[in-house]
Amino acid sequence: MRFHSLRHAATLCILAACAAHPAAAKTISVSAGTPDANEKLQEALILAEPGDTVELGAGTWKLTDGLSLDVANVTVRGAGTDEKGSILDFSGQQGAGEGLLVTSDDVLLTGFAVINTKGDGIKSKGADRIVYHKLRVEWTAGPKATNGAYGVYPVESTDVLIDSVFVRGASDAGIYVGQSKNIVVRDSIAQENVAGIEIENSFDADVHDNIATRNTGGILVFDLPSLPQQGGHNVRVFSNEIRDNSTPNFAPKGNIVASVPTGTGVLVMANRNVEVFDNVMESNGTANVMIVGYRYPYEDAKYQPLPRAIVVRDNEHGKAGYAPAFEGGDQIAAALGGSLPPVLWDGAGDAVVLDKVGVLSLGLPDVKTPRSEAKPQPADLSKATLPAALPEIRLPASMEAKVK
Amino acid sequence: MRRLAAALLAALLCASGASAVSEPMPDQSVIDGTTMPAKLSAFGLFRAGTSEPLSALLPYSLHTPLFSDYAEKHRAVWMPPGTNAPIGRDGVPGFPVGTVIVKSFGWPDWNGGKPVETRLLIRRASGWVALPYIWDADGKDASLAIAGRRIPVTFKSPDGVSHSINYAVPNKNQCKECHSLKGEIVPIGPKANNLEFGADSSRFFSFPAMRIAPMPKWDDPKSGSLQDRARAYLAVNCSHCHNPEGSASNSGLFLRWTDTVTVNYGIEKRPTAAGRGSGGMDFAIAPGDPDHSFLIYRLESLDPGIAMPELGRSTVHKEGAALLRQWIAEMPKDRQKPAS
């Protein structure tokens, strides 16, 4: 044990459950009321050893600098996400690109709130088997272009679980999983973000039993060029409630989500093998489901801009397409008697749509053809060959045990 | 710090004439041990009660340094007697176990030129360890600040403007955020193409037969073309994170000295995870148009949600940004524009 420095941390209270064994996991409790709360909490996150729990006391923590954790197999546990819980308030943040950064494996984050960060809320990078559980990440003034980009932001990780998380106000994506593999996002609520939930440049993901509401776009499955991991594939979006995604797009221009039309339910772009099924989708003014190619210039010979082997089946569709928020959408809607059908395809790549609703194709045969040459027409995508069903994502038992 | 430099010089001059036997030496057992001493003096790297490194250490400087709020940095390296760092063909020194890289930060016009902090990078058997120390008020010793700290300081930048900032001493994890390669801590600055070797460096470094071309000095037009000086600036200030194995690997923006100036160098590269760091602009670098290049926007911002680098900067480096602005302004605009 190398804990000489803890003598200087008088406010850190070490509760060693079993002092007899040198490797015994311990709980390091930190209190929000400490004068140097930011430094003491950061110190606890540095001095924690694998197996330890850093316990955040109840109360509002006024933090001026981003926190970070780089020790494997540590739990950060708060007293809850509501007003009586543990609230990490970054309204006065002076530095760092996010509120909390995790760069170690096997970490569990649970039971606290992160609010009003200047950049991203909680980011984890190269942090395998990370579990985000019972968290709230929120910009409390609601949608604003000055809010941080991502709420919950795991990137470059294998085995990611996001469970029972609430995210509101992100100016890019509330829950964003990028360049990762083997991912589950479930039982979470994404509200009033630009993108509710976004799976980007990632492989093997299940996104299920979430609520995505009052975002600009509910659930996005994207692949972008010129990134270290690309070729996104094998993503299942199922049993989600995707309603009333009507917040005007408030993303800073230039970001890819700034191009998402207000009123988008599910948007699949440039991925292969994506299944969208058993969702309830309604009151999405542009479309409940959009399937499109990547229509920007790119210099990346390996990049695949088309959606391929996309399956849409067994979804429940409420009203949609009554306020299409893309250029020329209102003329098309007028020509079709006032609104667009619930499923929109740009006409490039291939998709199977078995839902008993209308599908509109924009008739763009490839991503090079400009939108001005669109030839909108109804499409029947029910006859195409169904790709093999994707398997369920299974996470290591150690991760599931943490949220039992 | 100027006074410190003078004292250092004096110490070196004395040492050159005197027998080295009487010179104090660092405490190698503490350096090689596993502890994180609460006091910097435990390492014995400095003259007792001062912030002057022992003359047994090799002071060094860099052609193009990392910008840190206009702080003057005094760098020195220590390696155990009988060891040295062979410089590889890639210019990276192979520092032996027992090496300590010492970097002190201060301003000539703050606190009588005394340093505010000293960072140690120690090569132990288990790998590199980064430890931040903050100098005590009396300037006689420094205390470990493992969780970092903000310290109010006031100083003038070279253009005469006075700055009062909450200078951020990084915490141990933040040290690693920049000094990280494949998740392991590594030194950033001392590479053969950026080191200014003094006459007595042969005790510490052994050179390969081939010559390693130096990087230019970012602010000396005689040392390289505009583009090469801009590239040197980006390599030193950005590429420790912006490389395929660094903290910003997921951005796909790679700014190493060896990278070619293409889309992954920012040319017409769209934002990936920049959020409002994009400033409403389409590209990191828009050739010919620095005002629409969000790389410039981020370098000139102090907002934590926008500013780059994310760590180690509470002021804008006006002169560095001006160099990059000029470089982008002089790029030909004739590249194909996107049809949106």
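Strand β13 of chain A, residues 158-168, is largely enclosed by the rest of the structure, because eight of its 11 residues are buried. Buried means under 20% relative accessible area, with a 1.4 Å probe and protein chains only. Strands here are DSSP runs of E with at least two residues, and helices are runs of H or I with at least four; both are numbered from the N terminus. This is a predicted model: local features need pLDDT of at least 70, side-chain atom pairs count only at pLDDT 80 or more, and totals for chains, interfaces and linings use all residues. Residues are numbered from 1 along each chain, chains are lettered from A, and side-chain values use heavy atoms, without hydrogens and water.

Now follow the pairing, which requires at least two DSSP bridges between two strands. Strand β11(A), residues 130-138, runs parallel to β13(A) over eight bridges. A:Tyr132 is bridged to A:Ile162 of β13(A). A:Ile162 also has a bridge partner in β15(A), A:Val185. β15(A), residues 181-186, is parallel to β13(A), with five bridges.

Turn to helix α1(A), residues 37-47. All 11 of its 11 residues are buried, so the helix is largely enclosed by the rest of the structure. Among them are A:Glu39, A:Lys40 and A:Leu41.

A:Leu41 is touched by A:Leu88, as are A:Trp61 and A:Phe112, among others (heavy atoms within 4.5 Å). A:Leu88, A:Leu109 and A:Phe112 have the most contacts inside the largest nonpolar core, which has 68 residues. Such a core is a set of buried Ala, Val, Leu, Ile, Met, Phe, Trp, Tyr and Cys residues joined through side-chain atoms within 4.5 Å. A second, separate core has 34 residues, including B:Trp110 and B:Met331.

Technical notes. Buried < 20%, exposed > 50% of the residue type's maximum accessible area, 1.4 Å probe, protein only. Lists of a residue's contacts leave out its neighbours within four places in sequence.
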